[in-house]
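Look at the sequence and the model below. Then read the briefing beside them, topic by topic.

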Amino acid sequence: MADTPRKPLRSPSKKPKQTSSSSISLTPQTPQAVDPPRRSSRRLSLKLDQITTPQKPISQLEKPNKDSLVEELETPHKLVKDSSRTRRNSRKNESTKNPESKTDYESANTPKSRTKVVEVEVSFSPASPDQLETKKRKRREDKDRKVITRAMASKNAKSEQKSNKKRVYYKKVVYDGGEFEVGDDVYVKRREDASSDDDLPEVEECRVCFKAGKAVMVECDDCLGGFHLKCLKPPLKEVPEGDWICGFCKARKLGMEVELPTPAKGKRRARTLREKLLSSDLWAAHIESTWKEMDGSYWFKGRWYMIPEETTAGRQPHNLRRELYRTNDFADIEMESIIRHCFVLNPKEYAKASNAGDDVFLCEYEYDIHWHTFKRLAEIDNEEEDGEDADSDEDWISSKDAESGTDEDIEYENENVKNLCARTSSAHGLAANSRKGQFFGLQKIGTKRIPEHVRCHKKTELEKAKATLLLAILPKSLPCRNKEMEEITAFIKGAICDDQCLGRCLYVHGVPGTGKTMSVLAVMRNLRYEVDAGSIQPYCFVEVNGLKLASPENIYRVIYEALSGNRVSWKKALHLLNERFSNGKKVARGDDRPCILLIDELDLLVTRNQSVLYNILDWPTKPHSKLIVIGIANTMDLPEKLLPRISSRMGIQRLCFGPYNYQQLQEIISSRLKGIDAFEKQAIEFASRKVAAISGDARRALEICRRAAEIADYCLKKSSSNLDSTPAGKGLVGMSEVEAAIQEMFQAPHIQVMKNCSKLSKIFLTAMVYELYKTGMSDTTFEKLAITVSCLCTSNGEAFPGWDTLLKVGCMLGESRIILCEPGARHRLQKLQLNFPSDDVAFALKGNKDLPWLAKYL
Amino acid sequence: MGFQSQVEKAKNLLRTRLCNPNFIIKPLSDSPDSNYCKLKFTISSSITEACNNSILLVGPRGSGKIAVLELALNDLLQEYPDTISLIRLNGLLHSDENCAFKEIAKQLCLEHHLLFSKMGKQRLLYSLLDAMNTVTSQAVVIGVSCRLDVDQLLEKRIRSRFSHRKLLFLPPSKEDVQRLLEHVFSLPTDSSFPHDYAAQFNGKLQNLLADDRFKEIISSYLDLNSTINHLVRFLFIVVSLWESKSGFLSLENFKSALSSIQRQPKQECIKDCSILELYILVCMKRLEVKEQNSYNFNSVMKEYRSVHDSFQTSDYYAWDVCLRSFERLIQRELICFTDNRAHGQSVEFRPVKLLVSYVELQGGLKSYRSCPIILQKLMDH
């Protein structure tokens, strides 16, 4: 069975720690403890429910702590009768009966038993239920504090990450008898002071008779308690269809005092993992990736789940009992702290889940721990991967580095892990990791596979330049918008820091690519640190993009969903939002904190009667709304175009993002290229001057530089592959490459097409120009043109191709929009017009070698 | 193996080649300046360097945009078999945004390439390009269009997010055409054909390619439209006209193919008209010359009667017969109604216009076998 001896794999890094901490407790090993303590043995014995395994004492699997021991003390010895738990209970029995032997045993196996001894001693003091209650409450406070530490810890993750590069990633790990795959959901022990070391019953007990047994149980949809069918009054024959609520809950709802049946004296009801999770004594996490550290310990990157109570909104009426929220909070967790699998399903799967074990949960939303908003999972997964990384401090390159440690052969082997280095230490204060809590920022490891050769070969300067010029990369610094960002910061701070938090509205405008959205988001990011530091009161932040809404009215839905995690129709959402903002009715716990609403592409929300904009902009004026609206759009005079009652609400405070001038563009590009020797200085200046003269669009300037780098890279690689020689020159991007990129981007291709089109098309175009000069009218008909063409042809010795052929030529030119024309069915009545200035045609056709006579007519 | 079957086999081979765009495009894609190389480099570097790109392929219809793209994508799919997934959208098929989104969802995997012809609605492009500007997604959007001003059609916000890679597809040069002809028509000299036949065939082909008359035929054909697709269509007709009796391609095949493709359907349509229909057309022309811009069947009939009264022609038909031939002319699109509203008004009152030019009508009358002389006279005055 699982007790087959496995060779303990002690990690080298752990050893010194162990020896040092166990220096005091070097007591001789008890004869019972033959095997190293392992969870696998317990797991198997749990499964072998009916077989009574020899009751040999086994050490505790997880650290006991004060709380848990208090609870343990409460748990009566009668539990031994429960067959499913024989082994552990027997151990407990023994330990309580014979504390000396336990301590001996403990000390032999666990290095940190010194603390344990103390704990055991503590646990002998009689515990009253009241005490337990207070402890629990404390724990919750603990928890709240911890959320903050989690977030803070993720900040210094980057430096640590670099140190441990030699990781071996696995897709599936068999760890202590349980198989854990990437994508699984697991229960995770909380830190040691939580009562994670309690019994871990797999089988739930009946709430009435407190026995598990094989008899069918029915679950109350309200309190999730299980009841044997026969224990109910009146007893049920079969599991009822639809919702079923137990008698206790029914009575409670009617306002009666309910006394739940208490277990027989001395026997305490065992809590299942589910109950613990929902009372936040445990955590659940989603495995994102698993790996082995250098020292041989196994870790996984977990994505936390949260129970509704842990969100700022608290448990809301629409939350289901088994509902969890996925968060955007990641942590590296040691495998050791996994308790076992749980199953977090999306609503569709949940509805179908027929086997309904006790460890099934429902998850529909992702909860943003920074902004306290909700996002539906289906939206994140199915559509484009939205940029939730936007607020990550890690930039892309470093996260790629982290991946570069992955084994070359990504055939994920199943590896049987014989792991001993086992004990969670009680030394640290964060999650249940045995190391110092290592938290990592928001990365998307595993979203894609980067081909191997990228990792192998070292990037050239040009490739680095290309990567850093990507629009997607969030630059480390945002130059040239300091003034605007200060203004936004001042606006938000001014709005939030007042105690009453008056609602306000800011209108940001500017042409595309001038950094409007980026600046606002950067300000929000900076403010987040201040919130974390406590200098600003917490607020929630909702971001909506007008162009991504199916219809303007849907904005209510999106806002409400982001604030509450509940999906309703837009009319209902409008009603609820009105209640909240206009009438000042605060329903949920987090409702009284200020809310910042960022609406990108505001002009898309303009409906015919402009009611959507009016509603949204009306809320901030209400006394208790605590709503701050930041609207972003391109046009400067949007407020003036709107109804006066809207512009009076929106147009008061404005911020203009002017187009960048060439110095600013130059600074933006150079700041990105800092430390990369790929561009000549004049080349950057040339590109920025060109863009500044045309649009002042930073995106365009970056794209030109990237394209220029691409062209240079292309030339370099082609020449080296063709001639099989080392590339000549330094591979700097110079003026010529930038020139080529600008040409490609700004010059319409029509001149080139005209130069290279067929002979008849050239004659056709010449005739168009000739006709234009002759009549002075911009448009002509096909009949007139055909006559002109035939004149031109006969006087210059060309064969006239025939009317129908000519019609075809004209239609082809129309297809590529060199000329504008009506459908060809109109034949001689077809109207024609040049789409480009006649000078362009003249320029393109004048020097033609095949048809030199064309120049006469141009 | 008989001679005939060899010829049949050669014919089949040539036809197969002409129907395979990859084969046609290949010889034009080996130089580093070719669009194929540039496109492949851009896509593969965005895959290997994990960046996002959007590329626009622009060029006249039939210039081989899709063929080059397919060739590049096929190569890349073989190079990176499990990193690329391809999503194809077509502006004509997925004109509705929701429909396009559904199609994307259907075809989506983790990484994706998008290929869609014809720029669709702007919201779709905005979401696509905006998503591409975030770190978490990786995609290459490839747009294909024959309109040269596609990027001007984009809304300003979308244009700002578009990365403006543009590849222009131009017709092949004369040397390229020559190379292409040789590539398409020469038989392989390996064991698939008897050696002497293949050698003889290729020798005759070389003579043909060097022939000035041949060059003239090709260039006069390409005068009309010099795109690759257009040329291939011509070559297919040539192969079809190649008779098995003569074992080799001849200049005659090319000549007859040219004359069969350079036809003037409108003028030929006049040849098929009846005498009465010719009368109607001529009367309409006379009305137009009289600067009656708007006329209908009744006014045409008045003119017809006056012509008949003044010249006493032998071809006078009853009103309803004339109406029937008038309707036939409308069906053949030699004449058309000038108003688009067709509610209820009967044919004889709706204004009409002539759809053949006077020159074509005159040419048609001249080549008409038994055209009454009076008609020609009426045409002139």
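Residues are numbered from 1 along each chain as its sequence is written, chains are lettered from A and ligands numbered from 1 in the order in which they are written, and side-chain values use heavy atoms, with hydrogens and water left out.

**Confidence**

- The model scores ipTM 0.90 and pTM 0.66.
- pLDDT is the predictor's confidence in each residue, from 0 to 100.
- Chain A has an average pLDDT of 68, and 63% of its residues score at least 70.
- Chain B has an average pLDDT of 84, and 93% of its residues score at least 70.
- In chain A, pLDDT stays under 50 over residues 1-164. The model has 246 contacts beyond four places in sequence for this stretch; contact means heavy atoms within 4.5 Å.
- Residues 381-456 of chain A also stay under 50 in pLDDT. Here the model has 207 contacts beyond four places in sequence.
- Where pLDDT is low, the predicted coordinates should not be read in detail.
- Among the elements of chain B, strand β3 (residues 112-117) has the lowest mean pLDDT, 52. Helix α17(B) has the highest, 92.

**Make-up of the chains**

- Chain A holds 32 helices and 21 strands. Helices (H or I, at least four residues) and strands (E, at least two) are DSSP runs, numbered from the N terminus.
- Chain B holds 19 helices and seven strands.
- Of the 858 residues in chain A, 55% are buried. Buried means under 20% relative accessible area, exposed over 50%, and partly exposed in between (1.4 Å probe, protein chains only).
- Of the 381 residues in chain B, 56% are buried.
- Take contacts in chain A between residues at least 6 apart in sequence: 73% of them join residues at least 24 apart.
- In chain B, take contacts with a separation of 6 or more: residues 24 or more positions apart account for 72%.

**Helices α28 and α31 of chain A**

- The axes of α28 (residues 759-775) and α31 (residues 838-845) come within 10 Å and cross at roughly 135 degrees. That makes α28(A) oblique to α31(A).
- Axes are lines fitted to C-alpha atoms, for helices over the stretch in contact, and angles run from 0 to 180 degrees between N-to-C directions.
- Angles under 35 degrees count as roughly parallel, over 145 as roughly antiparallel, 65 to 115 as roughly perpendicular and the rest as oblique.
- The crossing of α28(A) and α31(A) is left-handed: the near helix is turned anticlockwise from the far one by less than a right angle, where clockwise would be right-handed.
- From α28(A), the residues in contact include A:Leu765, A:Val769 and A:Leu772. Their partners in α31(A) include A:Val841 and A:Leu845.
- How mostly covered is α31(A)? Six of its eight residues are buried.
- The buried residues of α31(A) pack against α27 (750-756), α28, β21 (831-834) and α32 (854-857) of chain A.

**Helices α1 and α12 of chain B**

- The axes of α1 (residues 3-19) and α12 (residues 228-241) come within 10 Å and cross at roughly 165 degrees. The two helices, α1(B) and α12(B), are therefore roughly antiparallel.
- α1(B) passes α12(B) in a left-handed crossing.
- B:Lys11, B:Leu14, B:Arg15, B:Leu18 and B:Cys19 of α1(B) meet B:Val232, B:Leu235, B:Phe236 and B:Val239 of α12(B).

- A:Lys466 sits in helix α15 (residues 461-468) of chain A. Is A:Lys466 buried or exposed? A:Lys466 counts as buried, because its relative accessibility is 4%.
- Beyond its neighbours within four places in sequence, A:Lys466 contacts residues including A:Glu710, A:Asp713, B:Ser45 and B:Glu49.
- Most residues other than glycine have a negative phi.
- A:His827 is not a glycine, yet has a positive phi of about 45 degrees. A:His827 lies in the loop between β20 (819-821) and β21 of chain A, and is buried at a relative accessible area of 1%.
- B:Glu333 is not a glycine either, and has a positive phi of about 60 degrees. B:Glu333 lies in the loop between α17 (319-331) and β6 (335-337) of chain B, and counts as partly exposed at 42% relative accessibility.

Terms used. This is a predicted model: local features need pLDDT of at least 70, side-chain atom pairs count only at pLDDT 80 or more; totals for chains, interfaces and linings use all residues.
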